[in-house]
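Dear colleague,

I am passing this structure on to you, and my notes on it follow below. Please read them with the coordinates open beside you.

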Amino acid sequence: MAAQRNFAPLFLLLFLSALFLFSLYNSSPSLSSLSHSSLPSPTIFNSLQNPNTNLPNFTLTIKVLGFDRLPSLSRCLRSLSAADYGNDRVNLHIFIDHFKAPDSTNGKSVNLDLKLNESRQILDFVDGFSWGFGEKMVHYRTGNVGLQAQWLEAWWPSSDHDFVFVVEDDLEVSSLYYRFIRGLIVNYYYNASNFSPWIYGASLQRPRFVPGKHGNKIQLDSGTHIFLYQLVGTWGQLLFPRPWKEFRLWYDSHKAKGTKPFLQGMVTTGWYKKMGERIWTPWFIQFIHTRGYFNIYTNFLHERALSVSHRDAGVNYGKTAGPDSYLLDEKSLDFNLLEMQPLNNLKWYDFCFREVLPDRIIRNFKEIDSTLHSVQKSDTIILVSLYGFTSETLIRNLLCHFERLNIRNYIFVGPNSTFLLDLARRGHPVIDADQFFDSTRAYMRSRESNLELIKEFWVKAFVIKICLEQKYNTWVVGPDMIPVSDNSFLDSFDPNTNFYVGDINKFLFVRGSSTAQEIWDDNFMINAALVMNNKDLGSSDGSNFGDTVWKLLEKKGAKKVDEKKFGMNIIGISSLSSRSNANVTSLFSSVEDGKKVAFWSGETHPGLVEKQLEELGLWIVDGDSSCTAVVCHPS
């Protein structure tokens, strides 16, 4: 636990320097007094806002997808009709796919009369099936469309209050299932305190599959009945209207452009390569990966679930495999099914079944100790600055390299923005520099043009100060430095030097030593802020954080270092496209084997950077600015 800090000397010095440039605003609001209206709304970075804080008369329609399995369909429909719907109106839509037309080229004969008779038997059954809870509709297709079209064409929401529950015909549901999904809709869609636009629905199947290769086993404690998981469930899936519409438009765009849902590191990509357009889930998984959305799942003990697949022979199974779980019913119910935890108490998991911690936003200096402790690795923190970088794609590419190498000891710092909040909700720790600055009460009356420079410097310096108190090394970098090995940010400098500044991209390394802590005191921070406010340092070079630190600490032993000693300047490589493939491969091998980072000057045009990174094989984001791979690192 960090020692209690005494900020009196700092405040005193600030007060004494008021004749020059600073003063303390005693009336400044504390973090707790900030109104919610001053904080960014989710609608800033996504249109999926809470449609209504009241509970309207929403509609729910069950979509049953059938083909040629009458016994399966009969079992499914009877289980649906045995459920408890209370006084709610619930519609039932049954989609029957047509049998495949005979193909004379494959040499297989088809008994058309038998197929026609099977179809008539199914249609006779669904026509005579009584549904007393709402509208019943039957859609009998004129040709075979397959499972993908059955799912994708089953629904287009008519409003934000239109929900569907999709079941394939070999499913059987519990009589309790509707009471539960109704509770989910009420608690996690219409309850404003629990609503999240990043949740696309809920799966009632037992969670048992991790699609990320080498992912973690699904292990949950017995008290966890509800959690969030990115994976879609096809065995009883509740879908929310807005995310489904968004997916359908995304799908249309990518399909029209010839894009394939190839996501490296995922088992489902192998499925798609084998089965192609017969399945739809790889498309949806790619969409979820791009957007960072989540699905609600249940965890009931003893392999129980509210929806069970009998895994009958069909598209997914060559022969019947039998039920995957046991149905949870009234007799086996040994807990309160409708007791639902607040959203902020639930756990979130990605495709590797690795826990995600959304909305880690540090707005106050009192909040940073726990985050530093949770992310540090080998007593090192990487502070990634978003100041001065306009290309969000470059930052996402850096994140993909962090993911690839399992580098997790980073924190982003930058002004409050749409992008910063999006990083946080995807689970990346961030520092909201605007509110963090306010929390230190270090308000400076200075020239308006330099206030943002002072704020940037002050927040970074303050974070380094806290890191030094914890004896952590600190790197301050931008998206203009990409790690190429998992030890890229381990300390390999002269242990007798406490401060290093990059000569080209101006990174800063601060050693977590007692000597560095003594130097990086309140006097240093205030003097540095004064320098930053100097009207003669308005140029981009003079206002750079690393350069400013070096100028102030050069006499204290700070050193400039040529990044080429441990990295490769990608801009220094000219005309890669004109070189032979062998030479390009050799260059990349030299980056991988002999260098720790690839870097460039922050002033280089992003388009040129992207081109060079592509040719080196270091550009690992796709057209949606998402990682081209899911990389699982078992916990």
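**Helix packing**

Helices α2 and α3 pass each other in a right-handed crossing, a crossing being right-handed if the near helix is turned clockwise from the far one by less than a right angle, and left-handed if anticlockwise. This is a predicted model, in which local features need pLDDT of at least 70 and side-chain atom pairs count only at pLDDT 80 or more, while totals for chains, interfaces and linings use all residues. Residues are numbered from 1 along each chain as its sequence is written, and side-chain values use heavy atoms, with hydrogens and water left out.

The axes of α2 (residues 70-81) and α3 come within 10 Å and cross at roughly 10°, which makes α2 roughly parallel to α3. Here axes are lines fitted to C-alpha atoms, for helices over the stretch in contact, with angles running from 0 to 180 degrees between N-to-C directions; angles under 35 degrees count as roughly parallel, over 145 as roughly antiparallel, 65 to 115 as roughly perpendicular and the rest as oblique. Helices (H or I, at least four residues) and strands (E, at least two) are DSSP runs, numbered from the N terminus.

For helix α10 (residues 392-405) and helix α11 (residues 418-425), the axes come within 12 Å and cross at roughly 20°. That makes α10 roughly parallel to α11, and α10 passes α11 in a right-handed crossing.

**Salt bridges**

Searching the whole structure gives 23 salt bridges, each defined as a side-chain nitrogen of Lys or Arg within 4 Å of a carboxyl oxygen of Asp or Glu. One of them joins the side chains of arginine 304 and aspartate 334 at 3.2 Å, N to O. This pair links distant parts of the chain, with arginine 304 in strand β10 (residues 304-305) and aspartate 334 in the loop between β12 (326-327) and β13 (348-349), 30 residues apart. Arginine 304 is buried at a relative accessible area of 7%, whereas aspartate 334 is exposed at 54%; buried means under 20% relative accessible area, exposed over 50%, and partly exposed in between (1.4 Å probe, protein chains only).

In another salt bridge, the side chains of lysine 460 and glutamate 456 meet at 2.7 Å, N to O. Both residues lie in helix α13 (residues 448-469), four residues apart, about one turn of the helix, and both lysine 460 and glutamate 456 are buried. Elsewhere, salt bridges that share partners join Asp350, Arg354, Glu403 and Arg408 into one network.

**Surface and interior**

Val110, Leu112 and Leu116 form a nonpolar patch on the surface, with about 200 Å² of accessible area together. Patches are made of residues with over 30% relative accessible area and no salt bridge, like charges being joined within 9 Å and nonpolar side chains (Val, Leu, Ile, Met, Phe, Trp, Tyr) within 5 Å; accessible areas come from the Shrake-Rupley method with a 1.4 Å probe, and for residues only the protein chains shown count as cover. Leucine 112 lies in helix α3 (residues 112-128) and is partly exposed, with a relative accessible area of 36%.

Phenylalanine 499, in strand β21 (residues 499-502), is buried at 1% relative accessibility. Its C-alpha atom is separated by 9.8 Å from that of threonine 474, 25 residues apart along the chain.
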